[in-house]
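Okay, thanks for coming, everyone. Let me put the model up and then talk through some side-chain contacts.

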Amino acid sequence: MRQTRLIALAAACATIAVAMSISSHIVHGQSQPPTTIYNPYPTGILPSDIVSELARVEREVDVIEQEAITQWKALPPPTLTGNPPILQDTGVASVEILGKLMNFDKTISPFNNIACASCHMPYAAYSGPIPSVNLTMIAYPGSVHYRAGKRTAQRYTYSSYFPPLQYNTLEASFFGGNFWDSRATGYLLRSTDAEQSQFPPVDPAEMGNPDTACITYKLSLAPYRPLFELVWGAGSFDITWPANIAQICATPNGAASLGGSATPVQLSASDRTRSNADYDHWAQSLSAFEKSLSVSPFTSKFDAFLAGMYTLTPDEEAGYALFRGRGNCNSCHLDGRSTAPAPTVKHGGVAGMTGGKDTGAAADTTPVFTCFASANLGLPKNPRDAFYYETTPDSFGFTLNPTGFSYTDLGLGAFLRSGFGSAPNPNSSWKQFASVSDGKMQTSTARNVALVPPQCPTTEAPGPYFQKEFFHNGYIKSLKQLVHFYNTRDVYKQSVESGNCPAGTVEKVNCWPSPEVSANLDMTVGHLGLTDVEENQIVTFLQTLSDGFTTPYPDINTYTGACMTGGTAATQGNSTIIPANLLRQMAQQ
């Protein structure tokens with residue numbers, strides 16, 4: 001794989017201006033992208049194909065949005081009956097299709113150029129759809145190009161199974177929530193993924209609407225408004241909008257002209273209440289879609305194995321034994337059975353256990369492969385993260401990260417403090433646990449970690465492969481690297497930053513730079529003693545967790561981009577490493 005340099009800024013501006021002026025679904029008429037592209041980044045941070053790749057994803061989003069409209073139109077006429085009233089026969093399909101229509105609707109963003117799905121496409125397990133972004137800048141450009149956040153796009157799949165955030169006093173640990181830092185607590189809606197969907201529409205680095213009322217306003221103009229009113233009530237949009245509503249909602253969050261207000265749309269108290277209710281219904285509809293069989297279907301090889309419909313291959317079986325045994329993976333990524341790291345059972349043994357191997361029946365036939373907790377795995381700071389360089393105002397007068405490269409992502413700890421880059425903590429009793437939570441990030445489900453477009457059948461070089469990024473900061477670029485990190489983090493640790501491993505070592509192979517946050521390290525990993533073959537067997541097992549084995553995964557065939565080839569999974573992405581000290585110097589020039 002040959003990496004090209006960043007295209008000239010002038011050419012990028014010209015090209016993207018043309019691309020962004022062509023919108024297949026503009027309903028407001030006043031939304032215009034900025035004429036000046038925000039690019040404070042040193043050479044090499046933005047991928048060279050960013051313009052064409054963003055345009056590709058827009059086209060793919062439009063295809064699926066049209067598919068959802070067709071599915072909506074095909075629904076039989078509903079029957080509202082019963083007490084409480086229920087949409088008999090069509091209620092489930094109606095709310096799930098409504099969520100799908102919302103998820104792929106670009107007009108929700110200020111410039112009609114990104115949808116929720118723009119960072120979460122089905123062929124990538126509803127995570128980042130652009131291989132070159134996954135390889136370089138980590139976070140995805142928002143509606144204001146090229147503002148970008150600080151973390152990878154988490155997978156939607158099975159996110160709806162995460163419970164509301166809670167502190168377990170016996171375990172002395174937090175469980176639940178959504179987002180890497182668990183800031184979508186579910187405190188109000190009691191649904192964490194519903195609450196998660198309420199953040200990106202108003203996040204300045206993502207969709208960037210200036211007011212949640214803008215989403216309500218745009219829903220009132222959407223072609224699928226009748227379906228929303230069918231599901232949530234005919235009077236949902238009985239709101240008196242101010243005369244300047246279109247102008248305000250075409251202004252991105254953080255713009256100096258908004259004066260720092262979180263509610264620049266002037267509404268009466270009753271209209272604000274109605275708009276807030278609609279925004280909750282937006283979230284609940286998206287949650288219904290994310291929990292549907294279209295997103296979280298339990299159709300993997302592993303599910304077939306649990307049902308007695310598939311026999312694991314020798315390598316898959318060996319990988320599963322390691323996953324549950326010496327790899328210690330399922331102590332956090334729970335498989336519905338017990339972890340058996342010990343080679344023998346002492347003191348008379350345990351029922352269902354023989355020689356450290358679980359011989360009992362599966363306790364959970366739909367395991368989600370997470371414990372819903374958080375941990376600091378000791379990942380190094382990734383200097384490729386675009387967030388570190390967004391230190392100057394964009395054309396709207398907004399500066400995303402005044403702290404620059406000195407910013408340290410404390411994850412859950414930052415949220416518990418209501419800190420910068422996170423969200424307000426709704427429970428003051430949690431704040432006392434901030435320091436012991438620094439650096440901790442959510443334990444994602446291992447399901448669909450390897451799901452890719454069918455024409456790029458793996459995440460691993462030499463491929464052909466689809467380039468993904470793993471963990472919260474995208475530092476890891478292949479499943480082989482992921483397992484090797486767990487296995488050898490403490491074996492090959494070095495007191496250096498990324499890009500500065502000692503001569504004679506290879507980063508991510510026999511050199512792991514220092515953790516970004518050294519406190520609260522998870523010491524259950526780091527020195528597992530696995531061989532190279534055993535690492536590969538765990539990777540092979542992880543691939544059995546991809547949905548689409550028993551039935552095709554919906555919309556997985558929509559990828560129209562290219563596959564990558566060449567190299568090895570052990571050093572995948574290393575050609576794009578830029579020393580942290582060099583990037584700091586470049587950013588200051």
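This is a predicted model: local features need pLDDT of at least 70, side-chain atom pairs count only at pLDDT 80 or more; totals for chains, interfaces and linings use all residues.

Residues are numbered from 1 along each chain as its sequence is written, and side-chain values use heavy atoms, with hydrogens and water left out.

So, disulfides. I call one when two cysteine sulfur atoms are within 2.5 Å, and that gives three. Take Cys-214 and Cys-249, with sulfurs 2.2 Å apart. The S-S torsion there is about -85 degrees, so this disulfide is left-handed. Cys-214 is in helix α6 and Cys-249 in helix α8 (residues 245-249), so the bond ties together parts 35 residues apart in sequence. Helices here are DSSP runs of H or I, at least four residues, and strands are runs of E, at least two, numbered from the N terminus.

Next up, Cys-456 to Cys-563, S to S 2.0 Å. This link is left-handed too, with -85 degrees about the S-S bond. The two cysteines are 107 residues apart. Cys-456 is buried at 0% relative accessibility, whereas Cys-563 is partly exposed at 29%. For the cut-offs: buried is under 20% relative accessible area, exposed is over 50%, partly exposed is in between, using a 1.4 Å probe and protein chains only.

Then there's Cys-501 with Cys-511, sulfurs 2.0 Å apart, and both residues are buried. Counting bonded cysteines along the chain, the pattern is 1-2, 3-6, 4-5.

What about Cys-119? Its closest cysteine sulfur, in Cys-116, is 8.9 Å away, too far for a bond. Cys-329 is in no disulfide either; the nearest cysteine sulfur, in Cys-332, is 9.2 Å off.

On to the rings. Phe, Tyr and Trp rings (six-membered ring for Trp) pair if their centres lie within 6.5 Å; planes under 30 degrees apart are stacked, over 60 edge-to-face, the rest tilted. By that rule we get 39 aromatic pairs. In one of them, Phe-179 and Phe-199 have centres 5.2 Å apart and planes at 80 degrees, so they're edge-to-face. Phe-179 is buried at 10% relative accessibility, and Phe-199 is partly exposed at 23%. There's also an aromatic cluster made of Phe-302, Phe-305, Tyr-320, Phe-323, Phe-369 and Phe-541.
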